[in-house]
Each structure stands twice: as structure tokens, then as C-alpha cells.
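Visitor: I am new to this structure. Please show me how to read its features, step by step.

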Amino acid sequence: MGVTRRAVLKTLVAGSVGALTGSAAYGFLYGRHALSVTRTTLPLRSLPPALAGLRIGLLTDIHRSSLVPHDDVARAVGALMHERPDLIVLGGDYVTWGDRAFVGPAAEALAPLAAPYGVFGILGNHDDDHDIGAALAKNGVQMLKDARTRLTVRNETLDLVGIRFWTKRQMDIAPLVYGTAPATILLAHDPRRVIEAAALDVPLVLSGHTHGGQVVLPVIGAIAAEKFPVAEGILRRGSTTMFVSRGLGTIYVPIRINCPPEVAVLTLARA
């Protein structure tokens, strides 16, 4: 008996559905928990020689919730502390949809973080403007809400500028970076702020928000992150370098496919 076109199509559809179902199951059971440590060198223009080799730990998009358990966050914190970075940056979205039930648990899970030059945090679009920042501050995190702070590192000046997710206009960011040191890092949850950063000649931007797309399909890529300049990793725009982390948690669907949760350790270098 010959094989009909309809039978072939049914077989292909069934196979595709089976593959997607299997991938989704893997992404739920294993993929979203398969933490990776990304170690990347970032060459920066005008970086003072003394700051070359400075290691920054970046942990973002925690999304502590019923679907992102304490153990996942604790494992990420342990992995980052094992790397012994010089300073640590938290990139926002500590809970999901501002769920106050998880504000305390999120801050508790992040409490062990410590670094010689401090731990700094910014707010994401899922964070309220007070509770989560206050909870983190109690544990020693210096929150930067449209603010900047100046560090002395190896007898050199390093400026950290942190903006809230809702701070988007160049005219609102400009006063925060005016007069900053040659070594300045903008902490911006949304990687689309690279546009303003490049216009303001900011050397480095650290971001999250994209989750790396969370689901990255062969050939098609990260559909959920198409609106961003880059889903993950390094992007250079003019004299500005940006690094975007895949983050730790999940949103909308509790799966990760070809996009493991990430702790990033970034080493500064002279370009």
C-alpha cells in the first residue's frame, strides 16, 4: 500500500508535537534548574590600568516565587560566592509581579552575598519601589535608585550608576552620568538603555530582563527576546559595551530550553 501525503503530514505533525512536548518537559524538570556560570572578559576603553582584572559578579532576574524555589536561588548564590568576585551587582526582578509574599524570602536567599567592594542592586519592572529595596538593604545591599556611588578600587575611581526600569529618557539619565569617572558602569535592568548609554558615552552597561529569551529554538532563536538589541551576552554600540545576563528565574512559563539560568562573572580588561 502506498503512503499518502496526508499520512506523511500526520506523522510529521505528531513527531513535531512529540518533540515540543518532550522539550517542554525537559525545560520544566531540568532546564530551568541547570545553573551555569558564565565567565567573560569585557575589554573597555579608557579603563585605568589598575582596574584591569577587576571581577564583577552579576546575578539578575531572580523571580523568587512558588515556581522559583529557595534552593535554586541558594545554589546561584553559592556558585557566585565560590567565584569570589571583587564586587557584586544585582540586576532587578527579585520577585514576580511585585508579589510581597516573596519579598522576604528573596532577600533572605540573597543575604549571604558579600564582596570586598560591596553588593549593589537596582530595581526591575517586577519590583515595587520600596519593599524589596528595603529588605535587601537590611542585608547590606546598596540600592541605586536613579543614583550613583563612587568606589575607590586599587587607588582608582570607579563610578556605579543605577537606574530604575522606569527611567528611560536620555534627559533623565544624563544628570546621573555627568562628571563621572572614565571607569563608569551603568546598571540598567532593561538592555534597551544601551541606546541612551551610547549617546551619553558610558563605557559599560550591565543588564538583564530578557531571560536570554528563556526558550531558544533551533534556527528560529529566542522569539521572546526579539524586541531587545541582544538576548544575552556582549553587545557593542559605539564606544559602549553592554553585557546582558540570561538571569536565574522564569516568567510566564516555568521552563527554559537551550537557555540555562546563569550567574555571570565579568572581568574588566583594557581595550
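Visitor: Does Tyr252 count as buried or exposed?

Guide: First, the ground rules. This is a predicted model, in which local features need pLDDT of at least 70 and side-chain atom pairs count only at pLDDT 80 or more, while totals for chains, interfaces and linings use all residues. Residues are numbered from 1 along each chain as its sequence is written, and side-chain values use heavy atoms, with hydrogens and water left out. Now the term: buried means under 20% relative accessible area, exposed over 50%, and partly exposed in between (1.4 Å probe, protein chains only). Tyr252 has 71% relative accessibility, so it counts as exposed.

Visitor: Where is Tyr252 found?

Guide: Helices (H or I, at least four residues) and strands (E, at least two) are DSSP runs, numbered from the N terminus. Tyr252 is in the loop between strand E11 (240-244) and strand E12 (262-270). Its phi is near 70 degrees, a positive value in a residue other than glycine.

Visitor: What is phi of His211 near?

Guide: Phi of His211 is near 60 degrees, again positive in a residue other than glycine. His211 also lies in a loop, between strand E9 (204-207) and strand E10 (233-237).

Visitor: Is His211 buried or exposed?

Guide: His211 is buried, because its relative accessibility is 3%.

Visitor: Which strand holds Thr38?

Guide: Thr38 sits in strand E1, residues 36-44. With a relative accessible area of 19%, Thr38 is buried.

Visitor: Which residues does Thr38 touch?

Guide: Contact means heavy atoms within 4.5 Å. Leaving out residues up to four places away in sequence, Thr38 touches Phe243, Arg246, Glu262, Val263, Ala264 and Val265.

Visitor: With which side chain does Thr38 make a polar contact?

Guide: A polar contact is a pair of N or O atoms within 3.5 Å; within protein, one must be able to donate a hydrogen and the other to accept it, and residues adjacent in sequence count only if both atoms are side-chain atoms. The side chain of Thr38 pairs with that of Glu262 at 2.5 Å.

Visitor: Now the whole chain. How many helices and strands are there in the protein?

Guide: The protein has six helices and 12 strands. Along its principal axes, the C-alpha trace spans about 80 × 40 × 35 Å.

Visitor: What share of the residues is buried?

Guide: Buried residues make up 52% of the 271.

Visitor: And what share of contacts joins residues 24 or more positions apart?

Guide: Among contacts with a separation of 6 or more, such pairs account for 73%.
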